[in-house]
Amino acid sequence: MNCREVREKITESFAAGEFDLFSDVAAHANSCAVCRDFCQREKALFGSLDSGLQDMVNPRVPPSLLPAVRARMAEEPAPRHSWASGWRFALLAAASILAVSVLLTRHHPGRRDAALVNVRVNRPEAGQPVLATPAPTNVEARRSSPSHSHRNAPVSSETASEAAPEVIVLAEERKAFARFVARLPEDKDVAVALANPAPPPKDIPVEVALLRIDELQVQPLEPKEAE
Amino acid sequence: MQELVLNPPGRVLERDAAREAEQCAARREFELCLTECGSLAFRVAQGVLRNAADAEDVAQEALLRAYRKFDRLRDANRFRAWLVRITFRLALDRWRSARRREQRETAWAMPEHRPVPPSAEAIAVSREFQERLERALEELPDKFRMVLLLSAIQGYTLEEVSGMLGIPMGTVKSRLFFARKRLAEKLR
């Protein structure tokens, strides 16, 4: 083993954190003054390197660190339990809005445009009802009562001529529905409820027995006697 | 047409209460992690930045970021490794921006006279050695530097460093070996 190989082994040994040299390397270093000097310098270098690194990464932790983090944590919302829950409810809300709109479209096939036109035409004053679909001809004939007087109030002559079922939407009801739809993504429980199908009806079907007539007598009507 | 089935308000309240309880549990769990690993975040940041005020800033930011994204951590046992990575990345960003700023400022300054470096023994305990060590450390690749810094933190064995970084023990040892060897070459 020559001096160059010994020096390489010394460096590798110290770099690996092993400061006890192998016997053959140690024997060479003891017999060779140049290698012994190299070994001592390398040992001092790696020792300084270790102590320098330890000084660098082991300072006193400032006592203000954790209180400062806790104070900033208090300003933050608490972490959620599951990261997917937000997306799940957002998807559910979107799906429920889509389902409601599809259902409404199916319920009034072909009437959507007319309804929209009427809503636009009959823009009410504040607090006035809105005619959401074309009104029948017998609107005026509907019974009015003091408590429901606003329901039968103004019906435009444009819509009254059309013969179709009437749905009158109050302005406050319309606003409330808009608020409901706007808050639907936040109110996850309602969104879930909207997305769930209704349970099947528990009514037992009624069996109708056929009417059975055994005997049938047909008789001519007796002529009325003139008074 | 389907019927709309609305949950009764009581059920909604129960869900809110359950959610709140979950959040409290998550907060308690994070508090434990914070107490255990807060100092580690500071030391990692200090190892990269070598400035206590900057290191405290970065450690705070890293801990707060970990708190915000705590729900994304599926395995609580991986918190330490996760926090080390967040802190290391933030500290590196801070250090790089500081270095860019420093380079801009020194580009206008006069080149200073550099003395001939003395021998290793003479500078071993000096401040200059520390500065040279810091510069040499900055030139190391990140993966070597991270292993070197974590293994120098008191109280952590190589096995724990391996667990923190999620790499095999042999990889930790080989990275440590090459990092020390390269540092020695630069300091020699």
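**View 1. Chain B is built from eight helices and zero strands.** The model is predicted. Along the sequence, chain B reads α-α-α-α-α-α-α-α. Chain B has 188 residues, and 31% of them count as buried. Among contacts in chain B with a separation of 6 or more, 67% join residues 24 or more positions apart.

**View 2. The largest nonpolar core holds 60 residues.** Seven members touch the most other members: Ala41(B), Val44(B), Ala45(B), Ala59(B), Ala62(B), Leu83(B) and Val147(B). Helix H1 of chain B, residues 9-49, gives the largest share of this core, with ten residues. Nonpolar side chains tend to be buried together in soluble globular proteins.

**View 3. Val44(B) and the residues it touches.** Leave out residues up to four places away in sequence, and Val44(B) touches Val84(B), Thr87(B), Phe88(B), Ala91(B) and Leu149(B). Val44(B) is also among the core residues that touch the most other members.

**View 4. Helices H6 and H8 of chain B pack at about 100 degrees.** H6(B) covers residues 142-152, and H8(B) covers residues 169-187. Their axes are 9 Å apart. An angle from 65 to 115 degrees counts as roughly perpendicular, so H6(B) and H8(B) are roughly perpendicular to each other. H6(B) brings Lys143(B), Phe144(B), Val147(B), Leu148(B) and Ser151(B) to the contact. H8(B) brings Val172(B), Arg175(B), Leu176(B), Phe178(B) and Ala179(B). By class, the contact of H6(B) with H8(B) has seven nonpolar, one polar and two charged residues. One of the H6(B) residues here, Val147(B), is also listed among the core residues that touch the most other members.

**View 5. Helices H1 and H3 of chain A pack at about 20 degrees.** H1(A) runs over residues 3-15 and H3(A) over residues 33-57, with axes 10 Å apart. Angles under 35 degrees count as roughly parallel, so H1(A) is roughly parallel to H3(A). Their crossing is right-handed. On the H1(A) side, the contact uses Cys3(A), Val6(A), Arg7(A), Ile10(A), Thr11(A) and Phe14(A). On the H3(A) side, they meet Val34(A), Cys35(A), Phe38(A), Cys39(A), Glu42(A), Lys43(A) and Phe46(A). The contact of H1(A) with H3(A) divides into nine nonpolar, one polar and three charged residues.

**View 6. Chain A meets chain B through 40 residues of chain A and 51 residues of chain B.** At least two residues of the chain A side come from each of H1, H3, H4 (65-74), H5 (84-107) and H9 (188-195) of chain A. H3(A) gives the largest share, eleven residues. By class, the side of chain A that touches chain B has 26 nonpolar, nine polar and five charged residues.

**View 7. Leu133(B) touches residues of chain A and of chain B.** Leu133(B) sits in helix H5 of chain B, residues 127-138. Is Leu133(B) buried or exposed? Leu133(B) has 22 other C-beta atoms within 10 Å, so this residue is buried. Leaving out residues up to four places away in sequence, Leu133(B) touches Leu49(A), Gly52(A) and Leu187(B). The C-alpha atom of Leu133(B) is 8.5 Å from that of Lys186(B), although 53 residues separate the two along the chain.

Conventions:
Residues are numbered from 1 along each chain as its sequence is written. Chains are lettered from A and ligands numbered from 1 in the order in which they are written. This is a predicted model: local features need pLDDT of at least 70, side-chain atom pairs count only at pLDDT 80 or more; totals for chains, interfaces and linings use all residues. Axes are lines fitted to C-alpha atoms, for helices over the stretch in contact, and angles run from 0 to 180 degrees between N-to-C directions. Helices (H or I, at least four residues) and strands (E, at least two) are DSSP runs, numbered from the N terminus. Angles under 35 degrees count as roughly parallel, over 145 as roughly antiparallel, 65 to 115 as roughly perpendicular and the rest as oblique. A crossing is left-handed if the near helix is turned anticlockwise from the far one by less than a right angle, and right-handed if clockwise. Two residues are in contact if their C-beta atoms, placed from the backbone, lie within 7 Å. Ala, Val, Leu, Ile, Met, Phe, Trp, Tyr, Cys and Pro count as nonpolar, Asp, Glu, Lys and Arg as charged, and the others, Gly among them, as polar. A nonpolar core is a set of buried Ala, Val, Leu, Ile, Met, Phe, Trp, Tyr and Cys residues joined through C-beta atoms within 7 Å. A residue is buried if 20 or more other C-beta atoms lie within 10 Å of its own, exposed if 12 or fewer, and partly exposed in between; C-beta atoms are placed from the backbone.
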